[in-house]
Amino acid sequence: MKTISVGVIGWGFMGMTHTQALRSIGLFYPGIDFEIRLRCICTRRIEKAREAMRVAGFESCTDDYRELLNMKDIDVVSICTPNDQHEEMAIAALKAGKHVYLDKPVAVTGESAMRIAKAAQESGLHTRVAFNNRYMPAMLRARQLIDEGRIGRVMSFEARYLHSGSIDPNKPIGWKQQMQGGVLLDMGSHVLDLVTWLLGYPEKVLCRTRTLYAERPTKDGGVEKNLSDDHVMMLLQLPDGALGSVEASKIATGSNDDLILEIRGDKGALRWNLMDPNYLDYYDATAPSAPIGGLCGFTRIETVARFPKPGGSFLPPKNTVGWERGHMHCYFTFLDAVAHDLPDSCTIADGARLQCLMDALLESDRRGEWMEV
C-alpha cells in the first residue's frame with residue numbers, strides 16, 4: 001500500500017483543522033489504497049511544536065520550516081500560516097519537490113499568487129487550495145444540478161458570508177485584521193470561490209469596503225491604526241449579463257458562520273445555508289402549477305453526509321454533516337489525486353485567478369467605479 005507522508009506548517013486553528021482531516025481520512029474513507037503518515041509538524045515556538053507532536057501523533061517536530069522541507073521522505077506539505085508567508089513557503093516547498101496543500105487565500109496580492117502559480121506549473125506537482133465549502137455534499141449536488149441544466153440560464157444570484165467576531169472595539173486584533181488580512185481575503189475568498197466555481201467568472205465588478213473602527217487594541221497593549229476591511233459589498237456581472245450581489249462581513253450582529261447562497265435561473269433555483277448544511281433547496285420552474293399549485297415549490301434535497309464513495313459510509317449518510325467534513329473531503333480528494341496521479345482541481349492556479357479577481361474588487365473600491373475583470 002502506498003504511504004503518503006505529510007508535513008504541516010503552522011499550528012493555529014487551520015493547522016489543527018488540516019491535521020484533524022488527515023487523522024480522520026482512514027476512518028471516513030474505508031478501503032482506500034493509500035495510508036497517511038503524519039511525518040512532521042512545524043510551528044515557530046518549539047514548545048508548541050512538541051505539544052502538537054504529542055497530541056496529534058506526528059513523528060517529529062521543528063520550529064524551522066526549511067528543516068521540514070529538507071526531509072526527503074515528506075511527500076505533501078500543508079501550509080497553514082498567515083497570508084504574507086504563503087509565497088515564500090509554497091515556492092520553497094515546490095522547489096523541494098513537495099506537493100502543496102495551501103490554505104486560502106493563495107497570497108495577499110494577485111502578483112504574489114501568480115508567482116506561486118508559476119512555480120506550481122513549472123514543478124509539475126499536485127497542488128490544492130483549501131476551499132472546503134466546495135466539498136460539502138449540498139454544494140457537490142448543486143454543481144451537478146447546474147451542469148445538468150436544471151436551473152437553466154442564470155438570471156441573478158446572492159451570496160453572503162457573515163460573522164460577528166469584530167464588533168467589539170476592545171477585542172485585541174489578530175493578523176487577519178492587519179493589512180495582510182481583511183474580510184475580503186478571509187471570508188470573501190470562500191464565498192467568491194463558490195460563486196465562480198458554480199457560475200463562472202464575472203466580466204465586471206463593483207465593490208465597497210468598510211473598516212468599522214479607526215483603531216483597535218493589540219494583544220501586547222498597543223494600538224493599531226493600519227486596519228483592513230471588516231465588511232465588503234460586491235456586485236458581479238456575468239458575461240451573459242446576469243447580476244449578483246456578494247457580501248462578506250465580520251460585523252454582522254447575530255451571525256455565527258452564516259454562508260448563504262441563492263441562485264435563480266429561468267428553469268429553476270437553488271438555495272443553501274451552511275448553518276443548515278444537510279439540505280439543498282431546489283425549485284423546478286418547469287413543474288406544473290395546476291391544479292391548486294400542482295407540484296410547484298422548493299424541494300429539500302437531503303444531501304446530509306452523502307459523499308461519493310468511498311466516503312459516505314462512516315459516519316452513515318443519515319447522520320448530520322459537519323463543517324469539518326468539507327475540509328476532510330477536500331483533503332481526501334487531493335491525496336487521492338497525489339496517490340493515483342489524477343487530474344487536479346481547486347489548484348493554486350485556480351486560487352491565483354481568484355486572487356486577481358479580489359485585486360480587481362479592491363481596485364474598484366479605491367476608484368469608486370465598475371472594473372472590468
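Student: Where is Ile-292 found?

Tutor: Ile-292 sits in the loop between β15 and β16. Keep in mind throughout that this is a predicted model.

Student: Is Ile-292 buried or exposed, and how do I tell?

Tutor: Compare its relative accessible area with the cut-offs: under 20% is buried and over 50% is exposed. Ile-292 has a relative accessibility of 88%, so it counts as exposed.

Student: What is to be noted about the phi of Ile-292?

Tutor: Phi of Ile-292 is positive, near 50 degrees, and the residue is not a glycine. Val-304 is also a non-glycine residue with a positive phi, in its case about 40 degrees.

Student: Where does Val-304 lie, and is Val-304 buried or exposed?

Tutor: Val-304 belongs to the loop between β16 and α8. Its relative accessible area is 7%, so Val-304 is buried.

Student: Which residues does a cis peptide bond join?

Tutor: To read this feature, look at omega. Pro-291 lies in the loop between β15 (280–284) and β16 (298–301). Another cis bond links Phe-314 to Leu-315, where omega is about -10 degrees. Leu-315 is placed in the loop between β16 and α8.

Student: Next, helices. What span should helix α1 have?

Tutor: Start with the general idea. An α-helix has 3.6 residues a turn, so residues three or four places apart point the same way. For the case here, α1 covers residues 13–28, which is 16 residues. At 1.5 Å a residue, α1 should span 22 Å, and its end C-alpha atoms are 21 Å apart, so the two values agree.

Student: Where does α1 bend?

Tutor: The bend is at Leu-22 and comes to about 25 degrees. Leu-22 is also one of the buried residues of α1.

Student: Strand β5 holds Leu-102. Is Leu-102 buried or exposed?

Tutor: Leu-102 has a relative accessible area of 0%, so it is buried. Leaving out residues up to four places away in sequence, Leu-102 touches Ile-79, His-86, Arg-128, Val-129, Ala-130 and Ile-348.

Student: How is space in a structure found?

Tutor: Rolling a probe the size of a water molecule over the atoms shows where empty space is left. In this structure, the second largest pocket has about 240 Å³ of space.

Student: Which residues lie nearest the centre of that pocket?

Tutor: Met-179, Gly-181, Ser-228, Asp-229 and Leu-362 do, out of a lining of 13 residues. Helices α7 (183–199) and α9 (348–367) each give at least two residues to that lining. By kind, the lining of the second largest pocket has 6 nonpolar, 5 polar and 2 charged residues.

Student: How many cavities of 30 Å³ or more does the structure hold?

Tutor: The structure has 1 cavity of 30 Å³ or more. The volume of the largest cavity is about 30 Å³.

Student: Which residues line the largest cavity?

Tutor: The lining consists of Ser-166, Lys-176, Gln-177, Gly-182, Val-183, Asp-229, Asp-230 and Lys-250. Of the lining residues of the largest cavity, 4 are charged, 3 are polar and 1 is nonpolar. Asp-229 is in this list, and Asp-229 is also among the residues nearest the centre of the second largest pocket.

Definitions and conventions: Residues are numbered from 1 along each chain as its sequence is written. This is a predicted model: local features need pLDDT of at least 70, side-chain atom pairs count only at pLDDT 80 or more; totals for chains, interfaces and linings use all residues. Side-chain values use heavy atoms; hydrogens and water are left out. Helices (H or I, at least four residues) and strands (E, at least two) are DSSP runs, numbered from the N terminus. The expected span of a helix is 1.5 Å times one less than its number of residues. The bend at a residue is the angle between axes fitted to the seven residues ending there and the seven starting there. Buried means under 20% relative accessible area, exposed over 50%, partly exposed in between (1.4 Å probe, protein chains only). On a 1 Å grid over the protein atoms alone, a cavity is a set of points where a 1.4 Å probe fits but cannot get out, and a pocket is an open set with protein on both sides within 12 Å along at least five of seven lines; lining residues have an atom within 4 Å of a point. Grid points are joined across faces, edges and corners, and a volume is the space filled by probe spheres set on the points. Ala, Val, Leu, Ile, Met, Phe, Trp, Tyr, Cys and Pro count as nonpolar, Asp, Glu, Lys and Arg as charged, and the others, Gly among them, as polar. Contact means heavy atoms within 4.5 Å.
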